[in-house]
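Student: Could you take me through one part of this structure closely, with the cut-offs behind each term spelled out?

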Amino acid sequence: MNSTLDRPDTHPELLEFDARGGDLPRHEERRRTPRGAWAGLVAAVAMIAGGAVAMDRLDDGPATPSVAADSPGSLSALAAQLDVPAAWGNGFTGAGVNIAMVDTGVAPVDALADKVVVAVDFTDEAADATTAGIDTYGHGTHLAGIVAADDPTNGISGLAPEAGIVSVKVAGRDGSVMPLDLINGIDWVVANADRYDISVLSLAFNAPTTDPATEQMLLDAVERAWDAGIVVITAAGNDGGVGLTAPASSRSSIAVASVEATEYGFEITDFSSMGDGLRNPDVAVPGKSIQSLRVPGSYADTEHPEGYVDEVRFKGTGTSQSAAAVAALSALMLEANPDLTNDQVRDALVSASTRVGTPEQTGAGVPSALVAIDLVSDGVSWTGQAWSGQAWSGQAWSGQAWSGQAWSGQAWSGQAWSGQAWSGQAWSGQAWS
């Protein structure tokens with residue numbers, strides 16, 4: 001594929017949600033390009049993003065990792081905590097599975113150079129060829145690295161290193177986004193799922209709102225994605241309070257909380273939002289100080305130097321990071337059994353989890369990729385309905401799917417990424433440190 005920007009086919013269902021009016025949804029599409037074409041944009045993006053510290057780092061020469069690849073918080077450590085290397089050993093790396101990330105875009109860093117299937121931009125940055133589809137904030141690239149980074153030179157591997165990324169950019173350098181752009185992004189994924197073989201959708205943001213109409217529109221969009229058969233992954237939120245914020249409050253999603261991996265085992269974090277006993281997180285994954293990909297010159301890079309690890313790595317904390325990991329686990333499972341429904345993916349993750357804390361804190365607990373893959377690839381007949389529980393014995397499961405949604409909670413604050421609200425919404429990243 002070439003490096004030109006194309007306008008994809010328009011879809012009428014997107015137009016009614018365009019907050020700015022006009023004839024077309026505002027977005028540009030960038031298809032997968034050769035490694036050189038992506039890498040050639042790095043300097044231009046850094047110059048536009050600005051920041052003296054980041055520009056100095058760009059002149060430092062080849063990246064030299066300053067930390068061991070398996071140090072606490074590294075992607076290899078995260079993979080080990082979720083039994084991912086055992087899944088790799090059985091040949092499952094996410095190959096053939098594409099994950100849509102409605103986020104801040106993906107930067108042309110080497111570890112993701114061949115991973116982006118297509119990039120769509122709903123922001124004002126779409127008008128500039130040097131920023132269209134590209135992450136100038138830092139969040140989307142960090143999460144995409146957790147999913148699919150592949151950089152053997154620097155010892156970096158995402159949990160599903162052969163999965164593809166479909167980048168749907170809904171926020172620019174300041175991290176702000178209009179709620180209707182989010183809905184447009186989700187609906188674009190649904191409309192283009194067949195075209196780009198999208199099986200998984202990552203929604204790592206919190207969107208509490210006082211506007212019931214906007215709330216219902218977003219919840220409806222999430223439900224449309226689930227009803228279309230897409231595995232929808234949501235971040236539980238980072239306010240540490242009781243009550244999941246949207247879109248994790250939707251039962252048409254797999255809501256992911258965070259735990260912290262310590263030398264004594266998994267521990268409950270103080271920032272991960274809790275359920276209320278009616279809608280709890282489904283599972284939990286380590287999300288504290290995760291070392292994923294750095295975007296030189298991005299907002300996070302210039303404004304949060306505390307997150308800097310080395311030339312290619314950056315630390316991020318939050319349920320966003322946890323949600324990205326579960327998106328990757330879903331890709332491994334779908335490679336093992338492409339016929340899985342989204343209900344079956346969720347229920348296998350639940351059944352493959354080990355309890356940590358209470359269901360309100362972590363849902364079923366921390367999942368094992370190896371156990372989840374064993375559950376979905378051993379040939380046992382499933383009914384197609386949702387099932388639950390911590391383990392199953394090989395019998396057919398049955399039951400009814402969940403329905404109904406509710407929103408609650410507040411937007412996060414504190415050492416948050418930038419404190420930028422998105423017209424009442426906020427990214428599910430707790431801190432850059």
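Tutor: Ser368 sits in the loop between β17 (366-367) and α14 (369-377), where helices (H or I, at least four residues) and strands (E, at least two) are DSSP runs numbered from the N terminus. The model is a predicted one, in which local features need pLDDT of at least 70 and side-chain atom pairs count only at pLDDT 80 or more, while totals for chains, interfaces and linings use all residues. Residues are numbered from 1 along each chain as its sequence is written, and side-chain values use heavy atoms, with hydrogens and water left out.

With a relative accessible area of 9%, Ser368 is buried, a word that stands for under 20% relative accessible area, as against exposed for over 50% and partly exposed in between (1.4 Å probe, protein chains only). The side chain of Ser368 makes a polar contact with the side chain of Asp83 at 2.7 Å, and the side chain of Ser368 also reaches the backbone nitrogen of Val371 at 3.2 Å. A polar contact is a pair of N or O atoms within 3.5 Å; within protein, one must be able to donate a hydrogen and the other to accept it, and residues adjacent in sequence count only if both atoms are side-chain atoms.

If residues up to four places away in sequence are not counted, Ser368 touches Leu82, Asp83 and Ala352, contact meaning heavy atoms within 4.5 Å.
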